[in-house]
Amino acid sequence: LLPNPVASCRYWHRHLNPKKLVEVKYSVIHRHMTLQRLIRLYKLPETTKTIGLRTMEARDVPTVHALVNKYLEKFNLVPVFETQEDIKHWFLPRTDIISSYVVENPVSTVVTDVISFYHLPITVVSHPVHTTLSAVYSFYNVSTCTPMKDLMQDALVLAKQQGADVFNA
């Protein structure tokens, strides 16, 4: 038991499927906004833009282990990923559970960046059409070469391609 709060956080929602989010009342259309404008506002590219971005594979575990642990060194309170088995468990992609991607330099074949998000379905109650909302949550993102903004944009595109309705970070 911790006697005092040790951290605080902010949390953002990024619409990936604004029409569905409005239909299930997860979101509302504000004054001076239309559904079509909302859809246009949240439109994403069809494909990712980072060269060398690919789904994480078992062969990436040692590098991801090193990248994540190096990144976590700058914080005072962190989870500990002691072994490569920990990384396999928490990061290797599993459909509708965890999605992890790495950026591999096409020339050197060195993995330089990691993005990941986990899936958490939300039950929609009393709606005639929709029964679930597909939410994904940003997990661990490590940027050493690719700008974080580009990695997060690609994460949004990838989450939408997987059918997510909202991206939370």
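Let's start at Y118: with a relative accessibility of 30%, Y118 counts as partly exposed, a class that sits between buried (under 20% relative accessible area) and exposed (over 50%), computed with a 1.4 Å probe on protein chains only. Keep in mind that this is a predicted model, in which local features need pLDDT of at least 70 and side-chain atom pairs count only at pLDDT 80 or more, while totals for chains, interfaces and linings use all residues. Residues are numbered from 1 along each chain as its sequence is written, and side-chain values use heavy atoms, with hydrogens and water left out.

Now for the rings. Rings of Phe, Tyr and Trp (the six-membered ring for Trp) pair if their centres lie within 6.5 Å; planes under 30 degrees apart are stacked, over 60 edge-to-face, and the rest tilted. That rule gives 12 aromatic pairs. Take F81 and F91: the ring centres are 5.6 Å apart and the planes meet at 70°, so this pair is edge-to-face. F81 sits in the loop between α3 and α4, and F91 in helix α4, so the pair ties together parts 10 residues apart in sequence. Both F81 and F91 are buried.

Back to Y118, whose partner is F139: their ring centres are 5.8 Å apart with planes at 85°, so this pair is edge-to-face too. Y118 belongs to strand β4 and F139 to the loop between β5 (132-138) and α5 (148-161), so here the parts tied together are 21 residues apart in sequence. F139, at 24% relative accessibility, counts as partly exposed.

Next, helix α3. Helices here are DSSP runs (H or I, at least four residues), as are strands (E, at least two), and both are numbered from the N terminus. The buried residues of α3 are V61, V64, H65, L67, V68 and L72. Their cover includes α4 (84-91), β3 (98-104) and β4 (111-123).

Strand β3 also holds V103, which is buried at a relative accessible area of 4%. Leaving out residues up to four places away in sequence, V103 has contacts (heavy atoms within 4.5 Å) with T50, I51, G52, L53, V110, V111, T112, D113, T146 and L151. V103 and T146 are 43 residues apart in sequence, yet 8.1 Å apart in space, C-alpha to C-alpha.
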